[in-house]
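Hi there,

Here is the structure I promised to send over. Have a look at it first, and then read on for what I found in it.

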Amino acid sequence: MTRRLRYENRILLALALGWATLQCGRFLLPPLLPRITETLSFSPAGIGAALTAFGLVYAVVQYPSGTYSDELSRATLIVPGFGVLVVGFVAIALSVTAALFVGAVVVLGIGKGLFASPSRALLGDLFTARRGRALGIYSAGTDVGGVLASGLAVAVLATTVWQVAFLPVIVVLTLVGVLYVLWNREPYERARVELSPGETAGRLVATRDQRETLVAFSIFYFFVGGLTNFFPTLLVSGGFSETVASGSFALLFGAGILAKPVAGDLSDRFPRLLVGVCGLLVSLVGTALVLVAPSLPVIAVGTVLTALGYKSGFPIADTVVMEAAPDGSMGSDVGASRAVFLTANALGPGFVGIVAQQAGFTTAFWALAGSLLISVALLARQYRRHRRERAPAAQPR
């Protein structure tokens, strides 16, 4: 038992470090975008299309990678994931043209898709009694990586060229990948695997509630995709320095480190949809403050409110989908739902880039906020309908 626990903890350490490192590298892109755009002669629409391509590839790869890891082994997907991620970051660091950069981020999307679902599934296999805690530690890497990326971007932008920012990511990710290979006890397998996306999709849209949930959280992910990729660029376009923009970007993740577990706990105590609606409304208020902010303190408050609101949506979205899935289909339903959500997430940067090119980043972000209102309305309607269904019938007098 002791050896088993030591193995579980080593694998958790390797996967959590890997996730935090790849997220650090991924979230280096937003604060570096103004410099990347200038160096590689990107238009706002062009850089938005590149980020959209990254997100779409990540979304498409995630469902088959999770299914393949069920039929083969988790390590069969995770190890190539590490390798492709390293290649992707090396390609980004060596990009000297816009075309090379686009190709590099596509490779990065493939690597992240190979890593994300199988690594989560492996932790679920190993920590059957403490699954929530293990996945909580793992997923916190997103926000830890975002904070580290912001600090690293500030240092690099003040001292050297933007490509240097990816060197520590490449080194650490390579070392963590080697550790995982050394510690892994799973076999590496090769076999033909059949996918059944049509059957899974049918389950996801079987009822009105499931269809509305899918649309509402897809719009939420669309909002997040546009917000996180262009948040520093929004501030720079508004006259703030790159340092201020990077610091504000760090606040998004710093505030979010606690928001996810707190929101998850609240949704266990109170109706999940109600908690979700309240969180998204807080995010809308924060975004509006940022867009009308006359000073740095207002920017800071708006950024924190935005983060606390939208970060709360992630655990609620996952839990609502899980609770709607039939027995024996939770993994495939969650994977397919995440593919839909992440596809919407990938469209966000493209939308912001196109609108910003025509009317500016402020207009683009107001449009993003308007889209989130649709998500709030759908979730609020579901909450009211569920509340009426559960209300006791009036007793005749």
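Accessible areas here come from the Shrake-Rupley method with a 1.4 Å probe, and for residues only the protein chains shown count as cover. On that basis, the protein chain exposes about 17100 Å², with carbon and sulfur atoms supplying 66% of it.

Before the details, a word on the model. It is a predicted one, in which local features need pLDDT of at least 70, side-chain atom pairs count only at pLDDT 80 or more, and totals for chains, interfaces and linings use all residues. Residues are numbered from 1 along each chain as its sequence is written, and side-chain values use heavy atoms, with hydrogens and water left out.

**The chain as a whole**

The secondary structure comes to 16 helices and zero strands; both are DSSP runs numbered from the N terminus, helices being H or I with at least four residues and strands E with at least two. Of the 397 residues in the protein chain, 53% are buried (buried is under 20% relative accessible area, exposed is over 50%, and partly exposed lies in between, with a 1.4 Å probe and protein chains only). Contacts (heavy atoms within 4.5 Å) with a separation of 6 or more are 83% made up of residues 24 or more positions apart.

**Helix α4 and its two partners**

Two packed helices are described by the angle between their axes and the distance between the axes. The axes are lines fitted to C-alpha atoms, for helices over the stretch in contact, and the angles run from 0 to 180 degrees between N-to-C directions.

How do α4 and α8 pack, in angle and distance? Helix α4 (residues 74–93) and helix α8 (residues 167–183) pack at about 165°, and their axes are 10 Å apart. That makes α4 roughly antiparallel to α8 (under 35 degrees is roughly parallel, over 145 roughly antiparallel, 65 to 115 roughly perpendicular and the rest oblique). The crossing of α4 and α8 is left-handed, a term used if the near helix is turned anticlockwise from the far one by less than a right angle, with right-handed for clockwise.

On the α4 side, the residues that meet α8 include Ile78, Phe82, Leu85 and Phe89, while the α8 side includes Ile170, Leu173, Val176 and Tyr180. By class, the contact of α4 with α8 has 15 nonpolar, two polar and no charged residues. Here Ala, Val, Leu, Ile, Met, Phe, Trp, Tyr, Cys and Pro count as nonpolar, Asp, Glu, Lys and Arg as charged, and the others, Gly among them, as polar.

The other partner is helix α5 (residues 98–126), whose axis comes within 7 Å of that of α4, crossing at roughly 150°. That makes α4 roughly antiparallel to α5, and α4 passes α5 in a left-handed crossing. The contact of α4 with α5 divides into 21 nonpolar, four polar and three charged residues.

Ala14 also belongs in this part of the story. Ala14 is found in helix α1 (residues 2–26) and is buried, with a relative accessible area of 1%. Not counting residues up to four places away in sequence, Ala14 touches Phe82, Val176, Tyr180 and Trp183. Val181 is 167 residues from Ala14 along the chain, yet their C-alpha atoms are separated by 9.6 Å.

**Around helix α16**

Which residues does Leu379 contact, leaving aside its neighbours within four places in sequence? They are Ala216, Phe217, Leu273, Val277 and Leu280. Leu379 lies in α16 and counts as buried, at 1% relative accessibility.

Ala369 is found in α16 (residues 361–390) and is buried too, at 9% relative accessibility. Beyond four places in sequence, Ala369 is in contact with Phe223 and Leu284. Ala369 and Phe223 are 146 residues apart in sequence and 7.3 Å apart in space, C-alpha to C-alpha.

Glu212, in helix α10 (residues 208–237), counts as buried at 8% relative accessibility. With residues up to four places away not counted, Glu212 touches Leu378, Arg381, Gln382 and Arg385.

Ser41 sits in the loop between α2 (29–40) and α3 (44–71). Phi of Ser41 is near 60°, a positive value in a residue other than glycine. At 63% relative accessibility, Ser41 counts as exposed.

Happy browsing!
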